[in-house]
Amino acid sequence: METIDSIPTSKIQRATKLISTGVKIGGNYLKYYGEKITNPESARDNLNTNNAEDIYDGLKNLKGSALKLAQMLSMEKNFLPQAYVEKFSLSQFSVPPLSAPLVVKTFRKYFGKSPLDLFDTFDANAINAASIGQVHKASADGKQLAVKIQYPGVAESISTDLALVKPIAMKMFNIQAKDSDKYFKEVETKLTEETNYILEIAQSSEIAEACSHIPNLRFPVYYPEYSCERVITMDWMSGRHLSEFARSNPDQHLANKIGQALWDFYMFQVHHLRKVHADPHPGNFLVDDQDNLIAIDFGCIKEIPESFYTPYFDLAEPENLNDPVIYHKRLVELEILKPKDTEKEIVYFSNLFKDVLGLLTQPFNSDTFDFSDETFFQRLAALGEKYANDKELRKMNMNRGSKHFIYMNRTFFGLFSLLHDLKAVVETKQFAV
């Protein structure tokens, strides 16, 4: 397996890496323009494949928040070309890990002692590696353990990475500089929290205890005595990643069982705890050999304030969506409509969000929902493409919407995507309380 002996950590090193990736993408476009003349049918597909590979190759060596961005985008299956989805999906748990000598050096830096001073056994070769850290197998006092070690310099490079990608993100999403800080601050805060493993242990233990009653759902036990701010130790949980399970499972009843556990887990968090695991991708869930779902990573938890929860979920109700007075009021509360909007902007964004909400809330408005329904996901993709190509939208002020939309939308798009992979039919109105 390819391993890495060092990670760029300074602003100059990381900027240089991103610039070299940009140069490769520029070369891909030159090649594309030539191929477009001779082979127009495959030119665009080849461009996407080459760009996806070069971007991923650049980010996988940077790791940290830069690679986290690729991980987040890998869940946008309805909006990104397939070449990007396939390549970026590797960032969920299959990036090149740190070499064994660097692992021991990093562990000693964080813990002040080598792994074998703490554990009875420790495998210096990583089992899984993702954007923020990598996982090793260990044992102590007869227990099989998973030890997650954070990559060196990840926490310190968050601000630098965001500063580098901010101009690109503003261009991509048509964000204006004025009033944009709240969105980037929200992302920076969540990324910083994800590097605090003491916080992750507290969050993990709290949610695992609160959700322990949900059928067919398991959690590892965490061990603070073997953990610190950059190292976290938990039970070793045997099972297949959710994506591997979904690809090989032929049993619809089993898909529904796992899907129901996933749905219940999320609905209980959202509606009862008012905080939610906001990083739903296949690398964060396993399925064990007793067909239970296992949730294993609680680094990204989004708290849902009442001021957002009430208008957000009010609009999931068709009668509120179709009541002009309530609908307008809720859009104002969610900062979709702004005090200085023109009449044209009010009409445009009211119609846009009615289109989006009318489709996205369908799973909540029937007793059961079949997430294998390709038509539903094709309509989602078509809606995304329609507004992505809308020239009128590009001219408007897009700095709108509460900052809480960022991680709440990520949560629901990720959840829907996982359930679609499972092809699960889920009882959506009744969930374990």
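**Close-up 1. Strand E4 and its place within the predicted model.** Of the eight residues of E4, six are buried, so this strand is largely enclosed by the rest of the structure. The model shown here and in the other close-ups is a predicted one. E4, which spans residues 143-150, is joined to E6 by five bridges, and the two strands run antiparallel. Within that pairing, Leu145 has Asp235 of E6 as its bridge partner. Leu145 is also the bridge partner in E4 of Ala138, so that Leu145 can be followed in this view both to Asp235 in E6 and to Ala138, with six of the eight residues of E4 being buried.

**Close-up 2. Strand E3 and the strands that pair with it.** Strand E3 covers residues 133-140, and because six of its eight residues are buried, E3 is largely enclosed by the rest of the structure. Eight bridges join E3 to E4 in an antiparallel arrangement, and within this pairing Lys137 stands opposite Ala146 of E4. The two strands form a hairpin with two residues between them, where Asp141 takes a positive phi near 50 degrees. E3 also pairs with strand E1 (residues 121-122), in the antiparallel sense and over two bridges, and here Phe122 stands opposite Ala138 of E3. Ala138 has a bridge partner in E4 as well, namely Leu145.

**Close-up 3. The hairpin of E2 and E3.** Strand E2 consists of residues 128-129, and two bridges join E2 to E3 in an antiparallel arrangement. Three residues lie between E2 and E3 in the hairpin that they form. Asn128 has Val135 as its bridge partner in E3, and both Asn128 and Val135 are among the residues closest to the centre of the second largest pocket.

**Close-up 4. The second largest pocket and its lining.** The second largest pocket has a volume of about 550 Å³. It is lined by 34 residues, of which Asn128, Val135, His241, Gly283 and Ile296 are the closest to its centre. By residue class, the lining divides into 13 nonpolar, 13 polar and eight charged residues. The elements that each supply at least two lining residues include helix H3 (64-73), helix H9 (197-210) and strand E6 (231-235), together with the strands E2, E3 and E4. E3 contributes three residues, the largest share of the lining.

**Close-up 5. An open four-stranded sheet with mixed pairing.** The four strands of this open sheet follow the order E5-E10-E9-E7, and their pairing is mixed. Strand E5 (217-218) and strand E7 (240-241) are the edge strands, each of which pairs on one side only. E7 pairs with strand E9 (residues 285-287) in the antiparallel sense over two bridges, and in this pairing Arg240 has Val287 of E9 as its bridge partner. With a relative accessibility of 26%, Asp291 counts as partly exposed.

**Close-up 6. The contact between helices H1 and H2.** Helix H1 (residues 11-38) and helix H2 (residues 40-62) have axes that come within 9 Å and cross at roughly 170 degrees. Because of this crossing angle, H1 is roughly antiparallel to H2. The residues of the contact of H1 with H2 comprise eleven nonpolar, nine polar and eight charged.

**Close-up 7. Two lysines in the loops on either side of helix H18.** Lys395 is placed in the loop between helix H17 (391-394) and helix H18 (405-422), where, at 73% relative accessibility, it counts as exposed. Lys395 and Leu67 are 328 residues apart in sequence, and their C-alpha atoms are 31 Å apart in space. Lys423 lies in the loop between H18 and strand E13 (425-427) and, although it is not a glycine, has a positive phi of about 60 degrees. The relative accessible area of Lys423 is 33%, and Lys423 is therefore partly exposed.

Conventions
Residues numbered from 1 in each chain as written. Predicted model: local features only at pLDDT ≥ 70, side-chain atom pairs only at ≥ 80, totals over all residues. Heavy atoms only, no water. Axes fitted to C-alpha atoms, helices over the stretch in contact; angles between N-to-C directions. Parallel < 35°, antiparallel > 145°, perpendicular 65-115°, else oblique. Nonpolar A, V, L, I, M, F, W, Y, C, P; charged D, E, K, R; others polar. Pairing = 2+ DSSP bridges. 1 Å grid on protein atoms, 1.4 Å probe; cavity = no way out; pocket = protein on both sides within 12 Å on 5 of 7 lines; lining within 4 Å. Points joined across faces, edges and corners; volume = space filled by probe spheres on them. Buried < 20%, exposed > 50% of the residue type's maximum accessible area, 1.4 Å probe, protein only.
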